[in-house]
Amino acid sequence: MNEASAFTLERRDLIGIEGLSAPEIVGLLDLAEEFVVLNRQIEKKRTTLRGRTQINLFFEASTRTQSSFEIAGKRLGADVMNMSVSTSSLKKGETLIDTAMTLNAMHPDILVVRHHASGAVALLARKVDCCVVNAGDGAHEHPTQALLDALTIRRNKGRITGLVVAVCGDVLHSRVARSNILLLHTLGAQVRVVAPSTLLPTGIERFGVEVHRTMESGLKDADIVMMLRLQRERMAGSFIPSVKEYFHYYGLDEAKLKRAKPDALVMHPGPMNRGVEIDSAVADGAQSLIREQVEMGVAVRMAVLDALARKLPNA
Amino acid sequence: MTEPHPLLLANARIVDPSRGADFHGDVLLAQGVIKDAAFGIAAAGVPDGAEVVDCRGAVIAPGLVDMRAFVGEPGAEHRETLASASHAAAAGGVTTIVCQPDTDPIVDDPAIVDFILRRARDTAVVRVHPMAALTKGLHGEEMTEIGLLQASGAVAFTDGARSLASAQVLRRALTYARDFDALIVHHTEDATMSGGAMNEGLFASRLGLSGIPKAAETIVLERDLRLVDGVRGRYHAASLTCRESLEVLARAKEAGLPVTCSVSINHLSFNELDVGEYRTFFKVSPPLRAEEDRAALIQALASGLIDVVVSDHNPQDVEVKRLPFAEAEAGAIGLETLLSAGLRLVHSGDVDLVNVLHALSTRPAELLGLRAGTLRPGAPADIIVFDAEMPWVLDPALLKSRSRNTPFDGARLQGRVLRTIVAGRTVYEYV
């Protein structure tokens, strides 16, 4: 057993990046590196989670995150069950807590939860006896996305400390942005946010980021350009005038990307709105890491599930 | 078009509000710009080929910049076209019109801005800059493409004579506009309280007309200034009418907020009593207030609290004005009388000439980012020559506007434009 394999997290649940120390983050990334190797082999199966039950409880539709967690659990040998709550008990009026108590009575070992309301995953975690992994809660956190982004950056740049990372777009509604800002800040990157003022949360500068309102200044000499999905489904009011104007000023195209360093890399958590926040030529271009992010997603989630399971009773 | 000859305007009283200057001298124009405005240019020798005009002591000042004029084009050309408005403007000493977005179609798309600029280039004799709509369709719900509209030539954003009911929409728009340093111009009048026909008060009660209280204005203004306090976007109150509003505005300015305001020439010239026997040409929006409000506005203009004086030019045809007062459309034309009406305040001894001209040219140009309102060498040669004393009586039949709804019908005025020059070219001459 090497050093990474002996690593454990000093917590039962992973609700957010907030509260994780730099060594814990690095430990998870190191562990994930092992799974990257494993995932590229023909024989991808481990028995680490044999006998364990993992329930993916998704209160909000998701394709990529849910399948990523499902594959991660299965490759570690767990029995994985997917529950999309929008199609079952929620429609019958059951509350979040009731759903949690019901599932808890079935003795799962790991609950992977996504919910449209910020704080819902933490609330649920207090009511159950198993590990809870936050797969995204409202506009709060999406910790495994931040970890997979960090792993992708580290593998391509060899480091995270000292890099200039520009997080661009709908920061206001983005849990990905919050988790990434926290993680990158903890590991010593220089983080910028770039967005129109209407898409910036109040007090964002207190997160330890530089605030830019134009792509021209925000992307200047950046090492990493991290685009965010314009969450049109969350736009209760008029945050931006139109998709056309948004793309004109904030959409990443080749001209704007030239402001960044020549070897800058482009990321996007998906799913992309092509022609809204990112131009296809950039999304599919040589500087894009978008597909690699998806690969790293499985490895990081295996690392998280593995590390948390080591703390389970009878482990 | 050929380049106009150099023009030397000699023997004039030069008033340049951008420098607070008022002196005797000459002005030399060439290649469409002001070459110099100083004492003794003519004495030092007339440049070759220059036309020399003896102004005989008349005043030379920057051409007026009218920040709020409604023009019917596109969509209501029977009321006013860009061409007819521009001729009216030239006759009134206005060299820059800022037209309003409530046309048909509404100016909420960069293509309409482009259309107006092209039509103005081809048909107007003065400069025309459109304000674009602040919300799509002027519905007060979704902001327009502020960045793209600004890039296409919109100088500010407004919903014209409509007030935004939603504080949230205005707050977001102010926030977004700040990133583009765009100016938001807002008509401050609560829609639920402004359904009446004239100022609320004793006179309205006597006439049996429903009133619009001053609170309709102050409530919206106070709300807006709270929003500006949080967001810090550039905000301009489109047309204030009463003493209470001035007090609110003064507090905001003292607190350092980026707020400015306009007052229409109508509210500086008339009060509610002018409505008399239901004269609909005195029905304007917001309504004419009491004499004490008019006095407060004049004092605020003299003190500099009021930034800009606008014509609020609003051409209406006969059918919509020859109606019972409550049913008649609001609005009065004002481009052709703007300077003469402004000079009334000077002749009455209430405001200095340089202050009036500052609010009519320098200040609006500054707020809109236009190269106008100054006689500094190098500035575009948009200037006016006027006789500040000449008495005349306004005959509506001689107006250049397509509509005749002037509240100055038959009025005795003192002070008249002699010559209006845009980009070095004379576009109006009094004969």
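Predicted model: local features only at pLDDT ≥ 70, side-chain atom pairs only at ≥ 80, totals over all residues.
Two strands count as paired if DSSP finds at least two bridges between them.

Four bridges join β5(B) to strand β17 of chain B, residues 383-393, and the two run antiparallel. On another side of the story, β5(B), which spans residues 59-62, pairs with strand β1 (residues 7-16) of chain B in the parallel sense, over two bridges. B:Val59 takes part in both pairings: B:Arg13 has B:Val59 as its bridge partner in β5(B), and B:Val59 in turn has B:Phe386 as its bridge partner in β17(B).

Now for the charged side chains. Side chains of opposite charge can pair when their charged atoms come close. Over all chains, a search of the whole structure turns up 41 salt bridges. One of them links B:Asp122 to B:Arg121, with 3.1 Å between the closest N and O atoms. Are these two residues buried or exposed? B:Asp122 is exposed, at a relative accessible area of 54%, and B:Arg121 is exposed too, at 58%.

B:Lys136 and B:Glu142 form another salt bridge, their closest N and O atoms lying 3.7 Å apart. Here B:Lys136 is partly exposed at 27% relative accessibility, and B:Glu142 is partly exposed at 43%.

A further salt bridge brings together the side chains of B:Asp181 and B:Arg234, at 3.9 Å from N to O. This pair links distant parts of the chain, 53 residues apart: B:Asp181 sits in the loop between α4 and β11 of chain B, and B:Arg234 in the loop between α6 and β14 of chain B. B:Arg234 counts as partly exposed because its relative accessible area is 22%. Chain B also holds a network in which salt bridges that share partners join B:Lys214, B:Arg243, B:Glu244, B:Glu247, B:Glu292 and B:Asp293.

Finally, let us turn to where the chains meet. In this interface, 16 residues of chain A are in contact with 16 residues of chain B. About 1,300 Å² is buried between chain A and chain B, and carbon and sulfur atoms give 55% of that area. Which three residues supply more than any other three of the area that chain A buries against chain B? They are A:Ser238, A:Pro241 and A:Glu245, which together supply 40%.

Two salt bridges are counted between chain A and chain B; one of them is formed by B:Asp179 and A:Arg213, with their closest N and O atoms 3.8 Å apart. Nine residue pairs are in polar contact across the interface. The side of chain A that touches chain B is made up of seven nonpolar, six polar and three charged residues.

Definitions and conventions: Residues numbered from 1 in each chain as written. Chains lettered and ligands numbered in written order. Heavy atoms only, no water. Salt bridge = Lys/Arg side-chain N within 4 Å of Asp/Glu carboxyl O. Buried < 20%, exposed > 50% of the residue type's maximum accessible area, 1.4 Å probe, protein only. Contact = heavy atoms within 4.5 Å. Buried area = accessible area lost by both parts, 1.4 Å probe. Polar contact = N/O pair within 3.5 Å; in protein donor to acceptor, adjacent residues only side chain to side chain. Nonpolar A, V, L, I, M, F, W, Y, C, P; charged D, E, K, R; others polar.
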